[in-house]
Amino acid sequence: MDKLRAASPSSGSDTSEQSNWLDVEPDLENFEFVSLFDVQAFTTLAEMLQHCKQQHNFDLVQNIHRLQLDFLGALKLVNYIRSQVKSDIALPSQISLDDIQDDRFLKPVLDNDAVIFSLDEVLQPSSDTEVETAGTLDESSRDLHRKNRDLQSELNSIRESFANYRLAVEQTLDRRWGVDEIPSSSANLKEKDSSGYYFESYAAHEIHETMLKDAVRTDAYRDFIYENKHLFKDKVVLDIGCGTGILSMFCAKAGAAKVLAVDRSDIIDKARENVFNNNLADIITCLRGSIEDVQLPVKEVDIIVSEWMGYCLLYEAMLPSVLYARDKYLKPDGLLVPSSATLWISPVKDEAYMSDHVSYWRDVYGFDMKAMQEGIYDEVRVQGMPASSLCGRAYPFKVLDLYSTCAEDLAFTTNWETELNVGTDDPDGFLIWFDNFFSPCRSEPIPEPRITPDKWVLASPGHVAFTTGPNGPETHWKQGLLLTGPRDPSQTISTSRHLSGEITFAAASDNARALTLRLRWSTEHEERSQSWELK
């Protein structure tokens, strides 16, 4: 993930989701509960339900529990009954699931139907309801009823998925009915923290459009998932930082039995709509919250998929969340997508770039604007550089095996070295990029540091990889350009072609999601060092 990348995770508890739902419900005190079978209206739902039982011999609550309906199913049942009554068509002696399968029953037959807004009341079984219902069932139904009662504790664990369905349906129906959008109260409920702006930035549509249109990025995930459908079939998948839900939908189409899509940004609301509109709500459950806080409806997952990479790979610090989920939820033989990444560094020299972006400020229509150069040598510049700007051998200074990497490994100092090209005496700076690798087999060794994505793809079926470096198609990550400050004129330019030193990645002191990069390099004649910030 990166500055243009979707982030994950607000509070993911049942209470939070239900609060969001209740906040957008209309004031029921102003509504009348119209009978399902005639025009009589009542001030409470209980009175209306009792009327239907006494006058029309129909128990809505009993039918909802008999059919084991969730919110969507109960919504369809209400609209099915009203549709049949409105069309003067008799109901079958016993309504079946097949009768209410048609999605047209998602659209209310009655405008402002208070029954629909009160379905929570009938979805919650009470002891009185259980006793009364049990007395009206035949022996086989009583057995089923007892089993359902015994499974009640397990069903409680998936109520969060009901809350997600409710929110998705409510938003979708608002759009179809032409109702003005009700502002989400989640912004008021969401606890503010130092990462607030980070998550809020990923609610913007333009960011996700940029990422989705990055064919290198999106095609890599799609190709790995679709080319390895046998790995996803009937599996439980966790998508961390799901954004618009594109990776979750790839997994669902590949045959996953269940996909849990987690994101803390408000983009999760759009993900729910995308999932619903593509008829995948029975497979994909969207959960709002950080993976560290959200309560998953499962104890473990078979696969974790996430697009967590940022500028210079580790900007935005999303990888620790993936590692947390790996340790807490991933099965011992589970799969991580992607599986490893390699960081590269290379010296660069580009006279045209330096002229256009650095020395340019010394003569702007005849004026010296060197004040505009402030920070130019202190900040990492996210820039797509041509391969011709490389003036030395690239060096792979860090390999992250996601199955074994720990959060502590993401702040590091490591050695690097290179040989400058013939004719290059003093580079303008250094370029940093990363390669990503997708392996279909957990036991397979990670790629050797110098293996290229092209070679990795050809090495074995099911392999997928891509580079963000200057030798590949440009991605929205581009590269991190570290411009070195002007050399002291009194120093003699080294004629040595060999450079070696250390590179340090560390969290910025004032922002845990930002990066501080430090570089030390030396030749046989001199030693230099410099730091850059990526914020």
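Arg-520 is partly exposed, at a relative accessible area of 26% (buried is under 20%, exposed over 50%, partly exposed in between, with a 1.4 Å probe and protein chains only). Its partner in a salt bridge is Glu-502, with the closest N and O atoms 3.8 Å apart; a salt bridge here is a side-chain nitrogen of Lys or Arg within 4 Å of a carboxyl oxygen of Asp or Glu. Because Arg-520 sits in strand β16 (residues 511-522) and Glu-502 in strand β15 (residues 498-508), the pair ties together parts 18 residues apart in sequence. Glu-502 is partly exposed too, at 31%.

A word on the source: this is a predicted model, in which local features need pLDDT of at least 70 and side-chain atom pairs count only at pLDDT 80 or more, while totals for chains, interfaces and linings use all residues. Residues are numbered from 1 along each chain as its sequence is written, and side-chain values use heavy atoms, leaving out hydrogens and water.

The whole structure holds 19 salt bridges. In one of them, Asp-327 meets Arg-326 at 2.9 Å, N to O; Asp-327 is exposed at 58%, whereas Arg-326 is buried at 9%.

Now turn to the helices (DSSP runs of H or I, at least four residues; strands are runs of E, at least two, and both are numbered from the N terminus). In α14 (residues 215-227), Thr-218, Tyr-221, Arg-222, Ile-225 and Tyr-226 meet Leu-247, Phe-250, Cys-251 and Lys-253 in α16, where contact means heavy atoms within 4.5 Å.
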